[in-house]
Amino acid sequence: MTYKRILTIQDISCVGQCSLTVALPILSVCGLETAILPSAVLSTHTAGFSGYTFRDLTDDIPAIAEHWEKEKIAFDAVYTGYLGSAKQIAYVKAIIANLLKKGGASFVDPAMADNGKLYPAFDENYVEAMKELCFAAEYCLPNITEACFLTGIEYREQYDEKYTAELLGAMKENGAQNVILTGVGYMPDKTGVVVLENGKTSYYEHKKISKGCHGTGDVYASAFVGLFMNGGNACEAAKLAADFTVSCIENTQDDPQHWYGVKFEPLLHLLSSK
Ligand code: PXL
């Protein structure tokens with residue numbers, strides 16, 4: 001097998017087990033050479049901590065990308081998560097256009113909203129920019145809230161298969177190629193993931209753990225990308241990534257002091273042989 005190099009672009013939340021501190025170990029344990037481009041540096045993530053610092057690295061990106069181009073550095077895949085600003089999204093689009101190898105894969109996790117609401121740092125302007133990135137990606141990984149913001153469909157807490165089909169249909173109409181729609185549950189104690197790949201839809205349902213944990217979207221997306229890059233099968237990667245994320249939550253749920261992320265590190269080995 002050829003040795004694959006992936007670039008992941010997201011923030012460094014120094015403390016909080018999300019974004020790059022999750023993506024780097026997960027992609028590495030999946031056997032991928034992982035290059036990083038930090039979109040911003042925060043002292044912690046923004047979900048539950050107050051008074052965090054935020055240094056936007058948008059203005060560093062063009063020179064970094066230019067240097068890579070000069071060095072003829074290119075990537076087999078680019079995977080983006082939480083980004084710093086709408087302006088940055090334009091730079092990220094250029095990086096995908098210029099530094100992704102021919103036939104390489106692009107994965108975009110919009111990482112901008114959950115539970116019906118945008119994360120504190122984002123506004124409509126950011127959503128508009130994110131639409132372009134998501135609809136141009138080979139694989140887009142929104143949760144239901146993000147799919148609503150991307151398509152303009154109203155967010156609902158209660159829904160059925162017709163509603164998720166409507167969301168996926170609207171994503172497709174807007175140009176999305178393949179969609180991994182996360183956090184989809186039709187029964188009270190169940191959740192799951194709907195995969196739309198090459199026009200075909202499938203659903204993987206699994207148990208829902210009542211305790212919601214921060215950072216699980218990043219754990220899921222990173223595991224999906226790492227597994228997909230090894231196997232090339234989106235349904236299988238979606239299922240294994242879901243099982244891994246559930247195990248991480250189970251490993252954390254009895255520790256009330258660990259509210260800010262999941263204890264995924266002791267379970268990384270589960271991904272290494274897949
Ligand atoms: O987990 C997504 C995420 C990533 N990075 C930062 C965040 C969040 C979610 O709130 O605040 C900085």
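A polar side-chain atom of D11 lies 2.7 Å from a nitrogen atom of the ligand. The table lists this pair with two others, as polar contacts (pairs of N or O atoms within 3.5 Å; within protein, one must be able to donate a hydrogen and the other to accept it, and residues adjacent in sequence count only if both atoms are side-chain atoms).

| Residue | Ligand atom | Distance |
|---|---|---|
| D11 | nitrogen | 2.7 Å |
| T46 | oxygen | 2.6 Å |
| D218 | oxygen | 2.7 Å |

The protein buries 94% of the 320 Å² that the ligand exposes when taken alone (Shrake-Rupley method, 1.4 Å probe).

The model is predicted: local features need pLDDT of at least 70, side-chain atom pairs count only at pLDDT 80 or more, and totals for chains, interfaces and linings use all residues. Residues are numbered from 1 along each chain as its sequence is written, and side-chain values use heavy atoms, without hydrogens and water.

Around the ligand are D11, S13, C18, S19, L42, H45, T46, A47, Y82, Y119 and D218, each with a heavy atom within 4 Å of it. This shell divides into five nonpolar, four polar and two charged residues. Ala, Val, Leu, Ile, Met, Phe, Trp, Tyr, Cys and Pro count as nonpolar, Asp, Glu, Lys and Arg as charged, and the others, Gly among them, as polar.

How many disulfides does a search of the whole structure find? The search finds zero, a disulfide being a pair of cysteine sulfur atoms within 2.5 Å. The sulfur of C140 has its closest cysteine sulfur in C134, at 3.7 Å, which is too far for a bond. For C248 the closest cysteine sulfur is in C213, at 9.5 Å, also too far. C140 is buried at 0% relative accessibility, and C248 is buried with a relative accessible area of 0% (buried is under 20%, exposed over 50%, partly exposed in between; 1.4 Å probe, protein chains only).
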